[in-house]
Amino acid sequence: MPHPALPIILGAALLLAGCTGLPKGTEPVTDFELDRYLGQWYEIARLDHSFERGMECVTADYSLRDDGGVRVLNRGVKLDDDEVEEAEGRAYFIGDDDVGRLKVSFFGPFYGGYNVIALDDDYRWSLVAGPDRDYLWILARTPLLDEAIRRDLVAQARGLDFPVDELIWVDQGQACDAWRQEG
């Protein structure tokens with residue numbers, strides 16, 4: 001069982017590390033339209049982190065909050081033991097609301113960077129970085145992403161010096177179908 005102070009300690013460490021930053025040499029997308037970004041996204045790939053370790057069928061749902069922020073609901077399942085995990089957070093723009101740069105929190109007042117660094121014109125896929133090159137996600141509106149688009153996004157991330165050889169490709173296949181119907 002995790003130590004009860006772990007989220008506070010982790011959050012404080014992230015805050016001290018300046019975790020709402022933007023990886024050097026990257027830029028968030030401009031002409032960002034939050035209304036078009038809201039809704040469900042499927043996690044296609046990610047860099048490894050303890051908070052998602054072993055998770056498959058991962059989705060993120062974004063909706064508006066009453067305070068003008070964004071409600072973030074992340075869900076995933078550990079297929080080996082059918083254990084569903086859910087985390088709810090909140091996100092707010094850093095700067096202009098037409099720039100894909102937000103801060104997100106799952107631990108009280110502690111925020112991390114959420115930087116949309118590539119986005120399809122039709123909002124079908126996005127490439128999201130955290131505050132540094134240790135955090136990267138490929139998201140899509142559908143559970144499967146065309147192989148050519150996957151290659152292009154990996155090439156973009158490689159060009160920005162992300163460790164793309166360490167990407168974990170998330171299972172979004174048939175094993176997730178029953179879980180999705182229940183969720």
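Trainee: What do the side chains of R158 and D165 meet in?

Mentor: Side chains of opposite charge can pair when their charged atoms come close. In this structure, which is a predicted model with local features taken at pLDDT of at least 70, side-chain atom pairs at pLDDT 80 or more, and totals for chains, interfaces and linings from all residues, the side chains of R158 and D165 meet in a salt bridge, with 3.5 Å from N to O. The term stands for a side-chain nitrogen of Lys or Arg within 4 Å of a carboxyl oxygen of Asp or Glu. Residues are numbered from 1 along each chain as its sequence is written, and side-chain values use heavy atoms, with hydrogens and water left out.

Trainee: How many salt bridges does the structure hold, and which residue does E43 pair with?

Mentor: The structure holds twelve salt bridges. One of them joins E43 to R46, whose closest N and O atoms are 2.6 Å apart, and E43, R46 and E52 are linked in a network of salt bridges. E43 counts as buried because its relative accessible area is 4%, and R46 is buried as well, at 2% relative accessibility. Among the twelve salt bridges is also the one between K78 and E85, where the closest N and O atoms are 3.6 Å apart. With a relative accessible area of 26%, K78 is partly exposed, and E85, at 27% relative accessibility, counts as partly exposed too.

Trainee: What does the secondary structure of the chain come to, and in what order do the elements run?

Mentor: Helices (DSSP runs of H or I, at least four residues) and strands (runs of E, at least two) are numbered from the N terminus. For this chain the count is four helices and nine strands, and from the N terminus on the elements run α-α-β-β-β-β-β-β-β-β-α-β-α. As for burial, 42% of the 183 residues of the chain count as buried.

Trainee: How many disulfides does a search of the whole structure find, and which residues does the disulfide join?

Mentor: With a disulfide taken as a pair of cysteine sulfur atoms within 2.5 Å, a search of the whole structure finds one, and this disulfide joins C57 to C176 with an S to S distance of 2.0 Å. The pair links distant parts of the chain, as C57 belongs to strand β2 (residues 56–64) and C176 to helix α4 (residues 174–182), 119 residues apart. The torsion about the S-S bond of C57 and C176 is about -80°, and therefore the disulfide is left-handed. Both C57 and C176 are buried. Another cysteine, C19, is buried with a relative accessible area of 6%.

Trainee: Which residues form the negative surface patch?

Mentor: A patch gathers residues with over 30% relative accessible area and no salt bridge, where like charges are joined within 9 Å. The negative patch here is formed by D31, D96, D97 and D98. D96 sits in the loop between β4 (83–93) and β5 (101–107), and its relative accessible area of 55% is why D96 counts as exposed. D31 belongs to the loop between α1 (6–16) and α2 (34–37), and D31 is exposed as well, with a relative accessible area of 60%.

Trainee: How many residues lie between I149 and D120 as a separation in sequence, and where is the place of I149?

Mentor: I149 and D120 are 29 residues apart in sequence, and their C-alpha atoms are 10.0 Å apart in space. I149 has its place in helix α3 (residues 147–159), and I149 is partly exposed, with a relative accessible area of 24%.

Note on methods. Patch = residues over 30% accessible without salt bridge, like charges linked within 9 Å, V, L, I, M, F, W, Y side chains within 5 Å. Areas by Shrake-Rupley, 256 points an atom, 1.4 Å probe, with all protein chains shown as cover. Lys, Arg positive; Asp, Glu negative; His and termini not counted. Charge placed at Lys NZ, Arg CZ, Asp CG, Glu CD. Buried < 20%, exposed > 50% of the residue type's maximum accessible area, 1.4 Å probe, protein only.
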